[in-house]
Amino acid sequence: MNAISRIIAAVAVSALFAFAAAAHDHSAMKAGAEMTDDSAMEPVKAGDLTLSDAFTRATLPGAKVGGGYVTITNGSKEADRLIGGSSPIAARIEVHEMKMDGNVMQMRQLKDGLEIPAGETVKLAPGNIHLMMMGLKSPLKEGEMVPVTLEFAKAGKVELQLMVGAANATDMGH
Ligand SMILES: [Cu+2]
């Protein structure tokens, strides 16, 4: 490592610490929460669907993909289907599943979408089925909100906000 790259590394590390410190600062968290209370905490209703606990995770600079997670409850007597979605911050949004391939966790796109059975709740979560924001236009920063539009076969387009949580080092290997 030469002198320049040592300096760059030091700056990067201290930036990370500053970021972590800010995230743990109670007043900073509170201000963010107040700003986003209404949009983030309230479940979004769309016809018979209720979407709640929508979140994503902070990404490192240069990351091209980010996961999206949401809990979807279908109060109808008919199944619906999550087909995909879009967001101004990404080129596109796909629905992915995780599968073990031997000892390796792989993910693949659910090309036919994800069924939300009648009367059931489906949870998209880290390490499981998730939304994949492809072609991120900028890093996702903790505390920010990411607007997304999800598309369902029956309920149509549903707009919601993903709250950006902390990055997780044990991510899914994207
Ligand atoms: Cu994925």
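Let's start inside the fold: Thr56 sits in strand β2, which covers residues 49-57. Strands here are DSSP runs of E of at least two residues, helices are H or I runs of at least four, and both are numbered from the N terminus. This is a predicted model, so local features need pLDDT of at least 70 and side-chain atom pairs count only at pLDDT 80 or more, while totals for chains, interfaces and linings use all residues. Residues are numbered from 1 along each chain as its sequence is written, and side-chain values use heavy atoms, with hydrogens and water left out.

Thr56 is buried, at 0% relative accessible area. Buried means under 20%, exposed means over 50%, and partly exposed is in between (1.4 Å probe, protein chains only). Leaving aside residues up to four places away in sequence, Thr56 touches several others, including Tyr69, Met133, Leu140 and Val164; a contact means heavy atoms within 4.5 Å. Gly67 is on that list too, and its backbone oxygen lies 2.5 Å from a polar side-chain atom of Thr56.

## One aromatic pair

The count of aromatic pairs comes to one. Phe55 and Tyr69 have ring centres 4.9 Å apart and planes at 40°, so the pair is tilted. For the rule, rings of Phe, Tyr and Trp (its six-membered ring) pair if their centres lie within 6.5 Å; planes under 30 degrees apart are stacked, over 60 edge-to-face, and the rest tilted.

The pair links distant parts of the chain, with Phe55 in strand β2 and Tyr69 in strand β3 (residues 65-74), 14 residues apart. Phe55 is partly exposed at 31% relative accessible area, whereas Tyr69 is buried at 0%.

## The copper site

Now for the metal. The copper ion has His96 (ND1), Met107 (SD), His130 (NE2) and Met132 (SD) as its protein donors, 2.1 to 2.3 Å away. Donors are N, O and S atoms within 2.8 Å of the metal (3.2 Å for Na, K and Ca), and sites may look incomplete because water is not among the atoms. Angles among the four donor atoms run from 94 to 119°, and the site is tetrahedral, a label that needs four donors with all angles between 85 and 135 degrees.

In sequence, the donor residues follow H-x10-M-x22-H-x1-M. His96 is buried at 4% relative accessibility, while Met107 is partly exposed at 31%.

## The whole chain

Overall, the chain has two helices and eleven strands. Of its 174 residues, 35% count as buried.

How values were computed:
Four donors count as tetrahedral if all angles lie between 85 and 135 degrees; four count as square planar and six as octahedral if opposite donors are over 155 degrees apart and all others between 65 and 115; anything else is irregular. A polar contact is a pair of N or O atoms within 3.5 Å; within protein, one must be able to donate a hydrogen and the other to accept it, and residues adjacent in sequence count only if both atoms are side-chain atoms.
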